[in-house]
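Keep the picture in view as you read.

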Amino acid sequence: MAAEGSDGSFEPIPIRRLQESLINRIAAGEIIHRPASALKELLENSLDAGATSIRVTVKDGGMKLLQIQDNGCGIRKADLPILAERFTTSKLSTFSDLSRIRTYGFRGEALASISHVAHLSVVTKTKTDSCAWKACYADGNLAPPKPGQSVDPKPCAGNDGTTITIEDMFYNTPTRLSALKSSSEEYSRILDVLTKYAIHNPKVSFVCKKAGSPTPDLSSSSASDTPNNIRLLYGHSISKELTKVDISSKDQTRSSHEDEEMAVDDSDDDPEAWQATAHITNANYQAKKMVFLLFINHRLVESPSMKRAFEAVYNGILPKGSSPFVYLSLEIDPRSVDVNVHPTKREVHFLNEEKIVERISDSFQKALAVQNHSRTFEYQTLLTGGIVDNGQETSKKRKGKQREVSEDEEEEGSSAVSKDRDPKLKKTLSQHKVRTSLKDRTLDSMFPVLNPAQVAGPSTHGKGHDDSTAKTLRSRDVNESECYLTSVLDLRRAITKGKHRHLTEILEKHTFVGIVDLQRSLSLIQYSTELYLVNHCSLAEELFYQLGVRQFGNFNKMKLDPPPSLHALVEIAVNAEDSTNESDLSKSEIVDRIVKILMLRRDMLAEYFSLCISNSGLVESLPLLLRDYTPNLNNLPDFLMRLGPQVDWTSELECFETFFRELAYFYAPGETGIRASTPEDEVAQQKAEKWQIQHILFPTMRRYLSAPKSLLDRDVVQVASLPELYKVFERC
């Protein structure tokens, strides 16, 4: 390279030897493109180690955390010092070994590259070790876990196998980090890599989940097979249309649903021998984008030429714009494959590539030709309530001698059929007909009505909550939190044990009729042919109690902006409470005592209930029990005041139960004692409350309320029955 001098001439720039750290960082960029490419390298290492169970944990798409845990053979402690150095491997020792390589890795660059662009730690244990060993790496060398500690591997607890943890990927290469897409996009790429390896390795269990999530997003069993894993991971629509094709360099093509696998003749030392197993979809399956899984000698690779050849096979079978699903596992003698042609081993070259591709394409063509004799078309019929008479259908199709049957015989036959069918065609009486449906939906349910006092009031933006009317109709799923506290589990068991089966069924299958009296909290619902008058405030209070127990420790937050003062709110409630006049304490002493109780327990309130109170005594957030439902915040001072005397803070079980009862009482709709400033505001508030009761509370009761028997005492009353009403009218 030359540089332009002051006089316009060019002077050569000296050639310098790059620093070792810069060389390694450049090399790392060629191998580790994104979290999914790092995962692919680590997956292959686990499979090389003979693992039968691989668990992957991801945070922020793998950029914050990517952890892979296996039960393989582990790594010896003596090998840990050079584990992350470049070109250190156990797969080969001479260049000639490359022609016989049967493992995934061979260069020894994966862990070295990762250590140059991320924080890398390894916990490993072999079967002969008495404990596991943990080592941390930076720039290819051992690094201390914390400043001031030694770099030597530390003994720790662990299972047989290896756990590799990658944190803060590309922390030192901000350009590469900014070039990555969103965390959800990177996570989908990770799932795609795991899915493909799970399809090809059905005897290995794969699990992938996000950090902190109780359920995995991908899970496969180690006692499975390839078609079953395709059904599990890609869906039944693909698996039911699969055709198996086995091809080899010697045998004739065998297609179909044969269960036998091709045997490899070990006695034959032909370097050009090969065999392939494929699972391809027939003409009944059509997709917009082709799914092509290619494994050559069990290595996941890409081959654009092979993909184009298979697309050409389907061009004459599928409609224009449709694509198939193809899984192909090709095994070739290692001497005929060159795996060292791409930094990430994404591509390989092998002998007789065109001939092999042509042979496989011909086999696909023959297999599809056999399956193409018949196609399956799915359709849906619209039933209008009529009953198909099979006897009449067949009579229209009678041919030949059947047309010569006399009219008398036909009449006798038809009358016999009608007599036999009379029991099945029994008519439903009018008094037993149900003329409503749970699927009915009114137009006003699609247009939320907001309380004007809450629109301009405290902000309720929280995790999972949005006050935009356009998003009010989202799914209101309430997932049960994962909890191991005995007291919470006892509360959940008590709810299940106290469930009244028939009352719960009434609420599950009810149809909302209307609100009778908003002041007295009375509504009408219909179940089957019966009409019930219910106290929706009592039902809602029980619902919110159960939702609180269900979400213990994992509540969304309803943030208050600006946050009000805890002392001021409690003082408002105490001053409005007449019963405080009978106490030996003054009102200011009662306020101070309640505030002190809550401030001493604010850490527990924040952790368990998302009731966050700052050091300065500001109420920053409340627990959000139900998305799109906002309690009447006029009751907030009373709620905070009641937490002092009404909650039993001395016992864990009673504490949780009484707190949730008070929280449910706060959330339940009802009279507040505070009137709106204008008649127009009062009408708007009542309209908003009615909308929430009808379109949020009652639908949520259908899904989540386990109704206790106590509600039957005075809160649920049957007021009418259609069969009984018919009897009255018949007498008239």
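Q: What makes strand β14 (residues 274-281) mostly covered?
A: In this predicted model, 7 of the 8 residues of β14 are buried. Buried means under 20% relative accessible area, while exposed means over 50% and partly exposed lies in between, using a 1.4 Å probe and protein chains only. Strands (E, at least two residues) and helices (H or I, at least four) are DSSP runs, numbered from the N terminus.

Q: Which way do β14 and strand β17 (residues 325-332) run?
A: They run antiparallel, joined by 7 bridges. Ile280 stands opposite Val326 in β17.

Q: In what sense do strands β3 (residues 53-59) and β10 (residues 205-210) pair?
A: They pair in the parallel sense, over 6 bridges. Arg55 stands opposite Val207 in β10. On to another partner: β10 is joined to strand β11 (residues 218-219) by 2 bridges, running antiparallel, and Cys208 stands opposite Leu218 in β11.

Q: Why do β23 (556-559) and β24 (612-613) stand at the edges?
A: The open sheet has 3 strands in the order β23-β25-β24, with antiparallel pairing. β23 and β24 each have a single partner strand, so one side of each is left without a neighbour in the sheet. β23 pairs with strand β25 (residues 619-624) over 4 bridges, with Asn556 opposite Leu624.

Q: Why is Thr126 called buried?
A: Its relative accessible area is 9%, and the cut-off is under 20%, so Thr126 counts as buried. Thr126 lies in the loop between β5 (119-125) and β6 (132-138). Not counting residues up to four places away in sequence, Thr126 touches Cys73, Gly74, Ile75, Arg76 and Asp160; contact means heavy atoms within 4.5 Å.

Q: What makes the pair of side chains from Thr126 and Asp129 a polar contact?
A: The distance is 2.9 Å. A polar contact is a pair of N or O atoms within 3.5 Å; within protein, one must be able to donate a hydrogen and the other to accept it, and residues adjacent in sequence count only if both atoms are side-chain atoms.

Q: What is the confidence in the protein as a whole?
A: The mean pLDDT is 79, and 73% of the residues reach 70 or more; pLDDT is the predictor's confidence in each residue, from 0 to 100. Over residues 383-424 the pLDDT is below 50. Where pLDDT is low, the predicted coordinates should not be read in detail.

Q: How were residues numbered and values counted?
A: Residues are numbered from 1 along each chain as its sequence is written, and side-chain values use heavy atoms, leaving out hydrogens and water. Local features need pLDDT of at least 70 and side-chain atom pairs count only at pLDDT 80 or more, while totals for chains, interfaces and linings use all residues.

Definitions and conventions
Two strands pair if DSSP finds at least two bridges between them.
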